[in-house]
Amino acid sequence: MYQFNYRKASSVEQAADLQASAEDGVYLAGGMTLIPTLKQRLAAPSDVIDVGGLDGLRGVDVGATVRIGALTTHAEVAASAEVRGAIPALSDLAEGIGDAHVRNRGTIGGSVANSDPAADYPAAVVGLAATVHTNRRSIAGDDFFTDLFETALEEGEIITSVEFPVPARAAYAKFPNPASRYAIVGVMVAEVDGAVRVGVTGAGRCAFRSVELEAALAGGLSVAALDGVSVPSGDFNSDLHASAEYRAHLVVVMARRAVKELA
């Protein structure tokens, strides 16, 4: 690692102030992305601002919606009876993230803020029409992910919680990398406020909604509705794990599996 200043914040306001006064400050929550990045010398921040001790950003509040504090770990979401009672698909998604170490350290806020193209939570954010709350504003899930490792967050902005409306039904299906458990392709299919939404991760530069699959399923959530449907692969990722064309095929296959689970 390069040398940096370590700062431990005692409040969201102090964290924002520390970041604003730093030459190149970054936030540290669970560290599942930042620490490996620092170890590989892919980043050289002047200050690392630890927000992991801010208890006000932890926990689950279930009512008309499911609101999850930004520092809530994947394991806590997976184990929450309240989340499973309201949105079982969200618990299933969290339970399938990485390994036990990642699930017990990684946080929903860190995952969403990182916008990794193969992360699981982004599919839920767009597929379930979530809202990302920050210390400054609220951002609709459809507007949040903008590009590879890029989001609508402004410099120094801190995610405080992610709020999910409770869908009539939802299911998540993932084709995981056998080693990392990252999503080569993951698809969240949900019925929210009478409309079908399909959130996709792993295939493109960031999470997105599939207009092709949503149009096919608009008349009813049935596997047969996806017969003959395809999605364009032109902008999809292509690497040693899967070509763009294979990812396009997997998007439809995972959507079919999710719809079958709903049925």
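This is a predicted model: local features need pLDDT of at least 70, side-chain atom pairs count only at pLDDT 80 or more; totals for chains, interfaces and linings use all residues.
**Comments on the model: contacts, rings and domains**

1. A friendly start with Arg209: at 31% relative accessibility, this residue counts as partly exposed (buried means under 20% relative accessible area, exposed over 50%, and partly exposed in between, with a 1.4 Å probe and protein chains only). Its salt-bridge partner is Glu214, the closest N and O atoms being 2.8 Å apart (a salt bridge is a side-chain nitrogen of Lys or Arg within 4 Å of a carboxyl oxygen of Asp or Glu). Glu214 is buried, at a relative accessible area of 11%.

2. Residues are numbered from 1 along each chain as its sequence is written, and side-chain values use heavy atoms, with hydrogens and water left out.

3. Lys174 deserves a careful look. This lysine lies in strand S11, residues 169–176 (helices, H or I of at least four residues, and strands, E of at least two, are DSSP runs numbered from the N terminus). With a relative accessible area of 19%, Lys174 is buried. Its side chain reaches two backbone oxygens: that of Gly96 at 2.8 Å, and that of Arg181 at 2.8 Å (a polar contact is a pair of N or O atoms within 3.5 Å; within protein, one must be able to donate a hydrogen and the other to accept it, and residues adjacent in sequence count only if both atoms are side-chain atoms).

4. Leaving aside residues up to four places away in sequence, Lys174 touches Gly96, Ile97, Asp120, Arg181, Ala183, Val185, Gly186 and Met254 (contact means heavy atoms within 4.5 Å). With Asp120, the side chain of Lys174 meets in a salt bridge of 3.3 Å, N to O. The pair links distant parts of the chain, 54 residues apart: Asp120 sits in the loop between helix H7 (108–114) and helix H8 (121–127), and Lys174 in strand S11. Both Asp120 and Lys174 are buried.

5. In the whole structure, a search finds 17 salt bridges. One of them joins the side chains of Arg205 and Asp147 (2.6 Å, N to O). This pair too links distant parts of the chain, 58 residues apart, with Arg205 in the loop between strand S13 (195–201) and strand S14 (208–209), and Asp147 in strand S8, residues 145–147. Arg205 counts as partly exposed at 44% relative accessibility, and Asp147 is partly exposed with a relative accessible area of 24%.

6. Now the rings: the structure holds 3 aromatic pairs (rings of Phe, Tyr and Trp, the last by its six-membered ring, pair if their centres lie within 6.5 Å; planes under 30 degrees apart count as stacked, over 60 as edge-to-face and the rest as tilted). Phe144 and Phe145 have ring centres 5.0 Å apart and planes at 85°, so this pair is edge-to-face. Phe144 is buried, with a relative accessible area of 0%, and Phe145 is buried at 9%.

7. Phe175 and Tyr246 also form an edge-to-face pair, because their planes stand at 90°, with the ring centres 6.3 Å apart. Phe175 belongs to strand S11 and Tyr246 to helix H11 (residues 244–262), so the pair ties together parts that are 71 residues apart in sequence. Phe175 is partly exposed, with a relative accessible area of 28%, and Tyr246 counts as partly exposed at 36%.

8. There is also a charge over a ring: Arg41 lies over the face of Tyr2, at 4.5 Å from the ring centre (the test asks for NZ of Lys or CZ of Arg within 6 Å of the ring centre and within 35 degrees of the ring normal).

9. Two backbone spots are worth checking. Ser115, a residue other than glycine, has a positive phi near 50°; its place is in the loop between H7 and H8, and at 1% relative accessibility Ser115 counts as buried. Ala129 likewise has a positive phi, near 60°. Ala129 lies in the loop between H8 and strand S6 (131–134) and is partly exposed, with a relative accessible area of 27%.

10. Finally, the domains. The assignment gives domain 1 (5–50), domain 2 (56–165) and domain 3 (169–262), with bounds that come from an automatic or database domain assignment. The C-alpha centres of domain 1 and domain 2 lie 20 Å apart. Their contact takes 9 residues from domain 1 and 13 residues from domain 2.
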